[in-house]
Amino acid sequence: MKNNFKFQNPTQLIFGKGTIAHLAQELPKNEKILVTYGGGSVKQNGVYEQVCRALQGFNYIEFWGIEPNPTVETLRKAIALGKQEKITYILAVGGGSVIDGTKLISAAIPYDGDAWDLVLKPSKIGKMVPFASVLTLPATGSEMNCGAVISNAEKKEKYAFYSSFPQFSILDPTVTFSLPDFQIACGIADTFIHVLEQYLTVTDESPLMDRWSEGIMQTLIELAPKIKADKTNYEMMAEFMLCATMALNGFTAMGVTEDWATHLIGHEITALHGITHGQTLAIVLQGTMQVMREQKKAKLLQFGERVFNILEGTEEQRIDKTIDACEQFFCAIGLVTKLHELNIGEETINTIKERFLSRGTRLGERGNIDGYVAEEILKKCL
């Protein structure tokens, strides 16, 4: 382990069948609770009924309508409700978008200004309303980290910000059985690339973190076809759910250099076109690996050997095979891997380049991915 680091994760995970009932014991008494939801799928899969049963006797109100890629416009309504009702605790029930949105609500209820200020400048965050979560869609890891991603629909912008961790998160794999196949595929891609963003940088920093990351990715590769064949297999969905949490709760990032260029380029595609986050990552990743292949050469070779068992050929051939193996993996789970398949072309690429240049954006483990390099990456994805 070459790099110094600090690590703390205060979130309690409550995992397994029937654990939503634990809300009755875990939520603090005598608080005014705001329960945040998405579009209503929890009413079809039984989650809403379980939550209501567990909340009997609690003083709570509900807020519905936090969308995928949560917008500050929607969240402002929840914040206004929280201020009006003097909310002192929040429970997020949904996927990563609901939990992400709840993190901003938590920070903005005590804040006097506009919530978007906190997204642009998280240093303005002061006191926060404590919150917890019931996870219904494995993907973002938001149930056990302090990060969130918030969109501004008016400005067509999307940014990450960091606030605080959920006090506890309940993960019952049975609630995932009714998820659409596309959402599961996007969740698998998001999880896989969360790990890669912390792994595919430099070698010889931490053998332990490397093996931990490789183990998660190998597990996802093994699980994906089984989940595609039967998404009601409890053991498989439980493993996937835990992979998604472990991929972005800080455990695989201890002491290692990180990248995140693929994610931040993908955010721009989502902001401009509303494309699901995991789908954008499946497209952008191949471009990142192609353009940055010399900088990432040693780790790409290690990745190919250890995760995809690519052992034959020259170094360049093995890197090509590794990139192709990733693309085939995403195709096999039902995602597209080219921009043209979503009718996205040069105009969008130019917009993203100009945005990065105007902001002075510098991405990647060496900070050498600017607007021009992002343009090159996206052109590889056409």
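Asp204 is exposed in this predicted model, with a relative accessible area of 57%, where exposed denotes over 50% relative accessible area, buried under 20% and partly exposed the range in between (1.4 Å probe, protein chains only). The residue is placed in the loop between helix 6 (181-199) and helix 7 (207-229), helices being DSSP runs of H or I with at least four residues and strands runs of E with at least two, both numbered from the N terminus. Although Asp204 is not a glycine, its phi is positive, at about 65°. A positive phi, near 80°, is also found for Trp260, a residue other than glycine, which lies in the loop between helix 8 (234-247) and helix 9 (261-273).

The model is predicted, and local features require pLDDT of at least 70, side-chain atom pairs count only at pLDDT 80 or more, and totals for chains, interfaces and linings use all residues. Residues are numbered from 1 along each chain as its sequence is written, and side-chain values use heavy atoms, with hydrogens and water left out.

Six strands form an open sheet in the order 1-8-5-4-2-3 with parallel pairing, two strands being paired if DSSP finds at least two bridges between them. Strand 1 (12-15) and strand 3 (59-63) stand at the edges with a single partner strand each, so one side of each is left without a neighbour in the sheet. Within the sheet, strand 2 (residues 32-36) pairs with strand 4 (residues 89-94) in the parallel sense over four bridges, and Thr36 stands opposite Ala92 in strand 4.
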